Amino acid sequence: MKNKRIIDEAEDIHRAVEMVQLGARMQMLEAETRLSREKLLKIYKEVRGVSPPKGMLPFSTDWFMTWQPNVHSSLFMSYYRFFEQCTGLVGLDAIIKSFHLYLDQIESGVLEPVLSLTRAWTLVRFFDADLLQLSTCTSCGGQFVAHAYEPNAHFVCGLCNMPSRAGKSVKAKQAPVKKTRVRELVTV
Ligand SMILES: [Zn+2]
């Protein structure tokens with residue numbers, strides 16, 4: 001029994017280190033491991049070299065509805081659903097695997113990073129709580145993050161109906177969203 005607990009703790013430490021490396025905040029670490037706050041703070045400081053930021057997570061479902069975060073969240077959710085439906089992975093394991101795939105897209109230069117691991121984790125929690133759903137775009141057939149229970153018979157995604165301001169920021173000028181490539185990714 002004692003040995004089992006040590007193995008459990010080793011697994012939790014391993015997961016916590018991976019989560020911190022991927023940018024997780026304390027709230028996520030506390031929810032996803034059984035380690036004490038003190039131990040998590042130690043791990044955080046050791047991996048990052050600084051103390052974790054204080055305060056609440058400022059996330060609401062509305063953030064995921066704004067144009068650029070919505071494109072990124074939809075891409076992340078398409079990976080998450082794939083892992084859930086095709087590999088049987090659930091929860092944190094599926095979140096971490098999906099986030100790695102998302103980071104691969106960032107590294108290959110298709111997108112600028114918008115989603116952090118903690119945001120991705122919050123997104124899945126909003127899905128679990130039935131606050132968000134995936135709606136199918138009537139124009140391109142891709143699946144996009146939308147508020148749950150909203151009528152979606154005429155739903156058109158942010159890529160098919162791009163707001164005129166999108167792509168005009170300095171950052172977007174440097175790396176415009178490659179619309180066709182993103183559409184391929186959310187349609188799989
Ligand atoms: Zn569309």
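**Entry 1: Ser135**

Is Ser135 buried or exposed? I found Ser135 buried, because its relative accessibility is 1%; buried means under 20% relative accessible area, exposed over 50%, and partly exposed in between, with a 1.4 Å probe and protein chains only.

A note to myself before going on: this is a predicted model, where local features need pLDDT of at least 70, side-chain atom pairs count only at pLDDT 80 or more, and totals for chains, interfaces and linings use all residues. Residues are numbered from 1 along each chain as its sequence is written, and side-chain values use heavy atoms, with hydrogens and water left out.

I placed Ser135 in strand 1 (residues 132-136). Strands here are DSSP runs of E with at least two residues, helices are runs of H or I with at least four, and both are numbered from the N terminus. Leaving out residues up to four places away in sequence, Ser135 touches Gly142, Gln143, Phe144, Ala146, Asn152 and Phe155, where contact means heavy atoms within 4.5 Å. I also looked up Ala148, 13 residues from Ser135 along the chain, and the two C-alpha atoms are 8.8 Å apart. The side chain of Ser135 makes a polar contact of 3.2 Å with that of Gln133. Such a contact is a pair of N or O atoms within 3.5 Å; within protein, one must be able to donate a hydrogen and the other to accept it, and residues adjacent in sequence count only if both atoms are side-chain atoms.

**Entry 2: the zinc ion**

Which protein donors does the zinc ion have? I listed Cys137 (SG), Cys140 (SG), Cys157 (SG) and Cys160 (SG), at 2.3 to 2.4 Å from the ion. Donors are N, O and S atoms within 2.8 Å of the metal (3.2 Å for Na, K and Ca), and water is not among the atoms, so sites may look incomplete. The spacing of the donor residues in sequence reads C-x2-C-x16-C-x2-C. For reference, the ideal angle for four tetrahedral donors is 109.5 degrees. Cys137 counts as buried because its relative accessibility is 3%.

**Entry 3: His72**

I found His72 in helix 4 (residues 67-87). His72 is buried, at 0% relative accessibility. Beyond its neighbours within four places in sequence, its contacts include Tyr102, Ile106 and Leu111.

**Entry 4: salt bridges**

How many salt bridges are there? I get five, taking a side-chain nitrogen of Lys or Arg within 4 Å of a carboxyl oxygen of Asp or Glu. One of them joins Asp93 and Arg15, at 2.7 Å from N to O. Asp93 is in helix 5 (residues 91-107) and Arg15 in helix 1 (residues 2-21), so this pair ties together parts 78 residues apart in sequence. Another joins Glu84 and Arg81, at 2.9 Å; these two are three residues apart in helix 4, about one helical turn. Arg37 and Glu30 also pair up, with their closest N and O atoms 3.0 Å apart.

**Entry 5: the whole chain**

The protein chain has eight helices and two strands, in the order α-α-α-α-α-α-β-β-α-α. Of its 188 residues, 40% count as buried.
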